[in-house]
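Q: I have a structure here that I have not seen before. Can you walk me through it?

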Amino acid sequence: MKTSHLYLFLHVLLAGGVSVRAFDPVTTTVAIGVGATLGRMILNYFRESCDSKWIAFNLTGLETDLENKLFGQHIASRIILKAVSGFMGNENPKKPLVLSLHGWTGTGKNFVSKLIAENIYKEGMDSSFVHVFTSTLHFPHPSQYLTYKSQLQQWIKGNVSNCERSMFIFDEMDKMHPGLIDSIKPYLDYYDKLDGVSYRKSIFIFLSNAGGDRIIQTALDFWNAGRNRNEIELKDLETLISLSVFNDNQSGFFHTSLIDKNLVDFFVPFLPLEYQHVVQCALSEMKVRGHEPDFEVAHKVAKDLVYFPKSERAFSVKGCKTIESKLDYYT
Ligand SMILES: Nc1ncnc2c1ncn2[C@@H]1O[C@H](COP(=O)(O)OP(=O)(O)OP(=O)(O)O)[C@@H](O)[C@H]1O
Ligand SMILES: [Mg+2]
């Protein structure tokens, strides 16, 4: 589709070039003017804009992606589909959607954020309406948090003024200065408008490892009791997470009013991944690379990883995180 338009564009330009040579100066000026306008129109056609051509929620897309690409996260998968489809289907939300994703490393938090972005924005994570902040990268010095604070507020305001369907992903939220977290609070609340800007159609996603050990403990209890992890329910974890995050003074969430004021709509737990999930991740990565799935290699990769606790060897220490580079080594 895009390529065919590009051919048309080149064709018009070339045709324009030929006729410019053939005519007198006045016609040439007109031709150049028309060419420039046409060029601008074509460029605008390809430039991402804040409208339904570029931003359209694909419910079945998200559903199948969560089902086929995300492994071992039945709770996260269910909450995210419900939360995002409910929010995107509501023409007049009362507040922005705020999701807080929690869990051990390599369990799919960034991965899910990417799936959400891809099913809302045509350009996915490359969209100019999707913004990622990583605490240690963008806000490295706690002493400078006042500067970061005003920059961040202006940045959020500027971007939402530009497009109300903006998405903000805050990575390593647990390493973020509590004052900085508090500073984004007004945008997450039930305000009609703040300084003339409405934030109610934006999405905020927080990623962190906070509460991860409580999730692991629950998963391990199920494992030790010989129970299927699919039996773990949100209610087994939700309060646990918000409480442990709230009371952990190592965590940036510590006593911040995000939790106080119930501004987070959903706490989404990510379970630690087992051997079988690592195998699935390896097979899936082969598919992405356009290779035939090789079960033998997938098992080799999975066997090579480290699992914890040492006695049970229940969960992969790095989740699915190092699979990509491991595959390079085995293939
Ligand atoms: N549950 C999962 N299902 C499918 N693939 C996964 C899953 N978890 C992780 N992966 C794969 O591993 C890669 C790394 O995962 P991701 O970056 O999402 O981890 P994370 O939860 O954000 O970890 P961290 O807390 O260390 O940031 C992903 O790009 C994806 O390819
Ligand atoms: Mg991550």
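A: Helices α12 and α14 are therefore roughly perpendicular to each other. Helix α12 covers residues 275-288 and helix α14 covers residues 323-330. Keep in mind that this is a predicted model.

Q: What is the angle between α12 and α14, and how far apart are their axes?
A: The two helices pack at an angle of about 65 degrees, and their axes are 10 Å apart. An angle of 65 to 115 degrees counts as roughly perpendicular, so that word applies to α12 and α14.

Q: Is the crossing of α12 and α14 left-handed or right-handed?
A: Helix α12 passes α14 in a right-handed crossing.

Q: Which residues meet there?
A: From α12 they are V278, C281, A282 and E285. Those residues meet I323, E324 and L327 in α14. Sorted by class, this contact of α12 with α14 has five nonpolar residues, two charged ones and no polar ones.

Q: OK, what about α13? Which of its residues are buried?
A: Helix α13 spans residues 295-303, and its buried residues are A298, V301 and A302. Viewed down the axis of α13, the buried residues fall within an arc of 95 degrees, so they line one face of the helix.

Q: What do the buried residues of α13 pack against?
A: They pack against α12 and α14.

Q: And which residues are exposed on the other side of α13?
A: E296 and K303 are exposed there.

Q: How do α13 and α14 cross?
A: Their axes come within 10 Å and cross at roughly 120 degrees. That makes α13 oblique to α14. The crossing of α13 and α14 is right-handed.

Q: Which residues make that contact?
A: V297, K300 and V301 in α13 meet I323, K326, L327 and Y330 in α14. The residues of this contact divide into five nonpolar and two charged, with no polar ones.

Q: Let's step back. How many helices and strands does the protein have?
A: It has 14 helices and seven strands. Of the 331 residues in the protein, 35% are buried.

Q: What share of the contacts is between residues 24 or more positions apart?
A: Counting contacts with a separation of 6 or more, 77% are between residues 24 or more positions apart.

Q: Is L271 buried or exposed?
A: L271 counts as buried, because 26 C-beta neighbours lie inside 10 Å. A residue is buried with 20 or more.

Q: Which residues is L271 in contact with?
A: Leaving aside neighbours within four places in sequence, L271 is in contact with G72, Q73, G103, T107, I215, A219, R229 and I232.

Q: Changing topic to the backbone. Where is there a cis peptide bond?
A: A cis peptide bond joins F308 and P309, with omega at about -15 degrees. P309 is in the loop between β6 (307-308) and β7 (315-316).

Q: What is phi for E172?
A: Phi of E172 is near 55 degrees, a positive value in a residue other than glycine. E172 is in the loop between β3 (167-171) and α8 (178-188). With 19 other C-beta atoms within 10 Å, E172 is partly exposed.

Q: And what about D195, what is phi there?
A: For D195, phi is near 50 degrees, and D195 is a residue other than glycine with a positive value. D195 is found in the loop between α8 and β4 (203-208).

Q: Is D195 buried or exposed?
A: D195 counts as exposed, because there are 8 C-beta neighbours inside 10 Å.

Key: Residues are numbered from 1 along each chain as its sequence is written. Chains are lettered from A and ligands numbered from 1 in the order in which they are written. This is a predicted model: local features need pLDDT of at least 70, side-chain atom pairs count only at pLDDT 80 or more; totals for chains, interfaces and linings use all residues. Axes are lines fitted to C-alpha atoms, for helices over the stretch in contact, and angles run from 0 to 180 degrees between N-to-C directions. Helices (H or I, at least four residues) and strands (E, at least two) are DSSP runs, numbered from the N terminus. Angles under 35 degrees count as roughly parallel, over 145 as roughly antiparallel, 65 to 115 as roughly perpendicular and the rest as oblique. A crossing is left-handed if the near helix is turned anticlockwise from the far one by less than a right angle, and right-handed if clockwise. Two residues are in contact if their C-beta atoms, placed from the backbone, lie within 7 Å. Ala, Val, Leu, Ile, Met, Phe, Trp, Tyr, Cys and Pro count as nonpolar, Asp, Glu, Lys and Arg as charged, and the others, Gly among them, as polar. A residue is buried if 20 or more other C-beta atoms lie within 10 Å of its own, exposed if 12 or fewer, and partly exposed in between; C-beta atoms are placed from the backbone. The arc is that of the directions from the helix axis to the C-beta atoms.
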